[in-house]
Amino acid sequence: MAGRKTDASIAFSVTDNVSESVRKMRSAMLEFKDDAEGLQQRLETLENARLQLKNIDLTDARRQLAQAKKELEELGDTATEADREAARANFETASKNYENIRNQLSLVSKQARATTQDLLDSTGAITRAENRAGTGGSSLLGALGTAGLLDMAGDAALEITNAAVSSALGSSVGGIASSAIGGAVSGAAMGSLLGPTGSVVGSIIGGGLGLIQGGTQMIQGMDQAFINYYTGAYDTASAATDDSLSSGGDTAAQRELDAIAFNRLLGDEVGDQFLADLRQTAADTPMEYEDLTGISRALATGFGDAPDRMLELITAIGDAGSAVGVTASDMEYMAQAMSRMESSGKTTLEYLNIFQDRGVDVIEMLSETMGKTQGEIYDMISKGEIKGQDAVDIIQQGMVDQYSGAMEAMAQTFPGLTSTLEDAMTEINNAMGDAYNEKSKEGLQADIDAYGGTLGEAISEANAIIGEGRAISENLARQYDREAMAALTQGAETTVYSEGQAAKLESMHNQYTDLVNQYQTATEEDKAVIAAQIEALMEEAQVMADSNYDASDMAQQLHDVNLDQITAIRENTAALKNAPWMQEYETEQAQSIGLGEKLLNDFLEYAPFIHLDSPDEQYDGAPLTIREGRSHAFGLYRVPYDNYPAILHEDERVLTAREARERDSSRPIQITVSGNTFGADLTAEAVAEALADAIAVKLAAGYGGG
């Protein structure tokens with residue numbers, strides 16, 4: 001029957017990404033013999049691997065597949081193609097992993113059935129088992145057959161249950177149910193070897209273990225979701241701060257440049273005020289601050305002496321542009337046209353067409369204001385009869401009359417509100433960036449002063465030495481290469497190799513020369529062999545060059561320097577007080593804590609055997625956080641410290657400190673003296689002293705008066 005056996009290591013040689021359970025099973029299988037005892041051990045190993053694959057690996061793979069599918073389906077319209085590609089790749093990987101685990105489970109199940117059959121065919125084992133069991137009980141053959149059928153039924157029930165329950169109640173509940181059923185059926189299958197009672201007991205135990213296993217997996221899933229959520233929140237917050245600082249720093253830097261430019265264009269301090277007004281305009285309108293500065297630069301050449309007029313023109317152009325739906329770049333062109341007409345004093349069709357082409361009918365504005373037909377306006381333009389300043393005034397007033405309020409209306413639309421919010425966030429980020437840049441200037445200036453002075457000269461000298469030293473080392477390595485190749489191909493003398501190495505190179509040169517001579521008259525087939533031999537000699541010479549350089553005194557001394565450096569860094573790091581190497585580890589540990597911490601803290605906080613006398617007191621060496629208070633349903637003799645939190649219940653009574661002292665003071669002091677003989681060694685003074693001590697004790701306990 002040996003021909004029917006399938007070794008697990010062969011069966012899984014074609015399977016990618018073999019799971020850990022299968023790897024352990026495969027290595028363990030190699031140790032088993034083919035007698036009845038070895039076959040029984042083999043079967044147990046296969047069963048353990050099958051249970052691991054079915055109840056854990058396959059469940060995890062199915063959950064990962066469902067998660068990947070959900071993430072792919074939830075991608076919205078705003079997702080980039082890179083996001084979609086990554087999600088598809090995750091889904092494909094999860095699908096392959098799921099199918100791989102299914103294939104592994106199938107192979108292990110087949111191997112288990114084959115091993116079961118081999119065990120059945122082992123007549124000696126069957127005979128011994130039947131002799132032990134007696135003729136009246138079930139034979140081993142029947143038990144194994146029952147186990148196989150139960151196992152097959154369990155696989156089917158597992159798939160059906162998982163599909164149905166997961167669909168109705170979710171994958172977590174489905175995993176618990178399928179794990180419980182799978183464990184029950186597997187337990188029944190293994191217990192069936194001991195008869196009906198064994199099947200029942202095995203089913204109960206297996207079901208319970210499966211339920212525990214499934215519940216544990218669900219708890220682990222919940223815990224991992226909790227960890228992923230709060231670590232994701234931490235990473236998101238940290239990244240948001242970095243982004244805010246980066247964006248704010250760029251904004252602050254640009255505004256610093258803007259301030260310099262506009263103070264030169266408009267005058268000192270005038271530029272600062274103008275930019276402040278621009279920022280307010282950006283906050284109140286859909287216009288971006290950067291766009292407004294561009295329009296302002298275009299206007300500055302014609303209206304630089306009148307900042308208030310520039311702001312009025314910006315509003316007029318912004319309203320007109322918003323009304324006709326042009327871009328900020330188009331508005332900048334309009335501003336350039338108005339600035340040129342103002343500064344040149346001329347009105348040309350070229351300037352006016354900038355407005356006309358963008359939907360602002362300035363010809364009509366000129367016609368209505370001047371009481372001329374449009375034809376007459378064109379004729380006056382061609383003759384230069386309209387002054388540039390007059391045209392600008394008319395166009396500005398025309399835009400105010402026709403388009404005033406357009407930006408305000410646009411600001412209430414979704415794009416406008418989005419732009420306004422972006423402006424607000426820009427201001428918020430700028431606050432961080434501006435403060436960062438201003439403070440960083442101190443460090444930058446200190447660096448400039450240091451590296452531009454004697455420190456820079458000293459480091460430059462050190463760098464020059466380091467560079468020259470590295471070149472010397474590399475030149476030596478090159479020399480080893482050159483001399484090795486020259487000795488091999490030309491028979492040249494060497495200066496850096498030892499006598500033994502030089503003799504080896506000379507021998508290689510002779511071999512090389514012979515091969516070159518042979519190559520000249522060799523056949524095509526022999527040439528290929530000779531060429532390979534020459535190539536081998538070249539490579540051997542190169543290896544000799546590399547290894548001889550590595551073995552040189554210089555290379556060894558450089559290696560020793562590196563070792564000393566590593567040792568010094570290690571010792572210096574170990575001597576540091578705050579152990580910086582622990583930071584990353586501690587961060588990882590902090591991000592690995594799940595819901596168990598909350599459960600532990602809640603237990604410690606409300607545990608009846610824990611009593612704290614101060615908010616800073618520690619329990620078992622660790623500080624405890626007092627949260628919302630403690631329950632004292634059985635009373636509390638004394639509040640241990642100020643601001644002590646407590647949970648109170650209906651009908652309980654709380655006294656003030658004064659009321660408590662008054663109530664305690666109403667308890668009379670009672671000192672009982674029994675007997676009338678104190679002994680010959682006690683004087684009257686001793687008795688009085690004892691009475692005084694007893695009274696002091698009572699007073700300290702809160703008794704007195706009455």
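Which side chain meets that of Asp393 in a salt bridge? In this predicted model, in which local features need pLDDT of at least 70, side-chain atom pairs count only at pLDDT 80 or more, and totals for chains, interfaces and linings use all residues, the partner is Arg309, with an N to O distance of 2.8 Å. Residues are numbered from 1 along each chain as its sequence is written, and side-chain values use heavy atoms, with hydrogens and water left out.

A salt bridge is defined here as a side-chain nitrogen of Lys or Arg within 4 Å of a carboxyl oxygen of Asp or Glu. The structure holds 10 such salt bridges. Asp393 belongs to helix 16 (residues 388-403) and Arg309 to helix 11 (residues 307-324), so their pairing ties together parts that are 84 residues apart in sequence. Helices (H or I, at least four residues) and strands (E, at least two) are DSSP runs, numbered from the N terminus. Asp393 is partly exposed, its relative accessible area being 40%. Accessibility classes were assigned with a 1.4 Å probe on protein chains only: buried denotes under 20% relative accessible area, exposed over 50%, and partly exposed the range in between.

Two further salt bridges lie within single helices. In helix 15 (residues 374-383), Asp379 and Lys383 are four residues apart, about one turn of the helix, and their side chains meet at 3.2 Å, N to O. Asp379 is partly exposed at 36% relative accessible area, whereas Lys383 is exposed at 53%. Helix 18 (residues 414-451) contains Lys439 and Glu442, three residues apart, again about one turn of the helix. The closest N and O atoms of this salt bridge are separated by 3.3 Å. Lys439 is exposed, with a relative accessible area of 55%, and Glu442 is partly exposed at 48%.

A separate site concerns Thr285, located in the loop between helix 9 (270-284) and helix 10 (289-303). Thr285 is buried, with 9% relative accessible area. A polar atom of the Thr285 side chain lies 2.7 Å from the backbone oxygen of Thr281. When residues up to four places away in sequence are not counted, Thr285 touches Met407, Ser419, Thr420 and Asp423, contact being defined as heavy atoms within 4.5 Å.

Terms used:
Polar contact = N/O pair within 3.5 Å; in protein donor to acceptor, adjacent residues only side chain to side chain.
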